[in-house]
Amino acid sequence: MTRVLIICGSGISSELLRDSAERSSEAYHAPITFEAASYSSAMEGAMTDADLVLVAPQVTYKYDQLKQLNSRVEKIPDDVYGWLNGENLMKFALSELASNE
């Protein structure tokens with residue numbers, strides 16, 4: 001199972017997006033598990049074994065720092081994050097995972 005970590009400032013909105021993305025991945029039978037974390041917990045090691053790390057728009061100013069910890073870090077598109085669109089997040093994650101194989 002592929003592990004995708006969603007990071008935001010405090011972990012609250014990433015949890016909402018995670019729940020939506022999990023429902024979509026189950027409906028599409030996608031082999032992805034979504035997890036949510038705050039920026040601080042990500043820096044403490046939550047992202048080290050993630051297959052893909054997706055960063056919320058409000059944390060993109062820390063993108064370079066996160067990229068040093070895990071090379072598979074990508075920015076979540078604003079429209080996906082703003083609407084908490086789990087289906088589009090799942091599709092985005094699948095696309096990023098396929099392009100980085």
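**View 1. Aspartate 49 is exposed in this predicted model.** Its relative accessibility is 55%. Buried means under 20% relative accessible area, exposed over 50%, and partly exposed in between, with a 1.4 Å probe and protein chains only. Aspartate 49 forms a salt bridge with arginine 3. A salt bridge is a side-chain nitrogen of Lys or Arg within 4 Å of a carboxyl oxygen of Asp or Glu. Here the closest N and O atoms are 2.4 Å apart. The pair links distant parts of the chain, 46 residues apart. Aspartate 49 sits in the loop between α2 (39-46) and β3 (52-55), and arginine 3 in strand β1. Helices (H or I, at least four residues) and strands (E, at least two) are DSSP runs, numbered from the N terminus.

The model is predicted: local features need pLDDT of at least 70, side-chain atom pairs count only at pLDDT 80 or more, and totals for chains, interfaces and linings use all residues. Residues are numbered from 1 along each chain as its sequence is written, and side-chain values use heavy atoms, with hydrogens and water left out.

**View 2. Arginine 3 also meets glutamate 35 in a salt bridge.** The N to O distance is 2.8 Å. Arginine 3 lies in strand β1 (residues 2-8) and glutamate 35 in strand β2 (residues 32-38), so the pair ties together parts 32 residues apart in sequence. Arginine 3 is buried, at 14% relative accessibility. Glutamate 35 is partly exposed, with a relative accessible area of 29%.

**View 3. Lysine 91 and glutamate 87 pair within helix α5 (residues 86-99).** Their side chains meet in a salt bridge of 3.2 Å, N to O. The two residues are four residues apart, about one turn of the helix. Lysine 91 is partly exposed, at 40% relative accessibility. Glutamate 87 is partly exposed too, with a relative accessible area of 30%. Elsewhere, salt bridges that share partners join Arg3, Glu35 and Asp49 into one network. The count comes to four salt bridges.

**View 4. Four strands form an open sheet with parallel pairing.** The order is β2-β1-β3-β4. Two strands pair if DSSP finds at least two bridges between them. The edge strands are β2 and β4 (73-75), and each pairs on one side only. From one strand to the next, the twist averages 25°. Strands β3 and β4 run parallel and are joined by three bridges. Valine 55 has lysine 75 in β4 as its bridge partner.

**View 5. Helix α1 (residues 12-27) packs on the sheet.** It touches β1 and β2. Contact means heavy atoms within 4.5 Å. The direction of α1 makes about 175° with that of β2. Axes are lines fitted to C-alpha atoms, for helices over the stretch in contact, and angles run from 0 to 180 degrees between N-to-C directions. Helix α5 lies across β1, β2, β3 and β4, running at about 105° to β2.

**View 6. Helices α1 and α5 are roughly perpendicular to each other (65 to 115 degrees).** Their axes come within 7 Å and cross at roughly 75°. Leu17, Ser20, Ala21, Ser24 and Ser25 of α1 meet Gly86, Glu87, Leu89 and Met90 of α5. By class, this contact has four nonpolar, four polar and one charged residues. Ala, Val, Leu, Ile, Met, Phe, Trp, Tyr, Cys and Pro count as nonpolar, Asp, Glu, Lys and Arg as charged, and the others, Gly among them, as polar.

Conventions: Angles under 35 degrees count as roughly parallel, over 145 as roughly antiparallel, 65 to 115 as roughly perpendicular and the rest as oblique.
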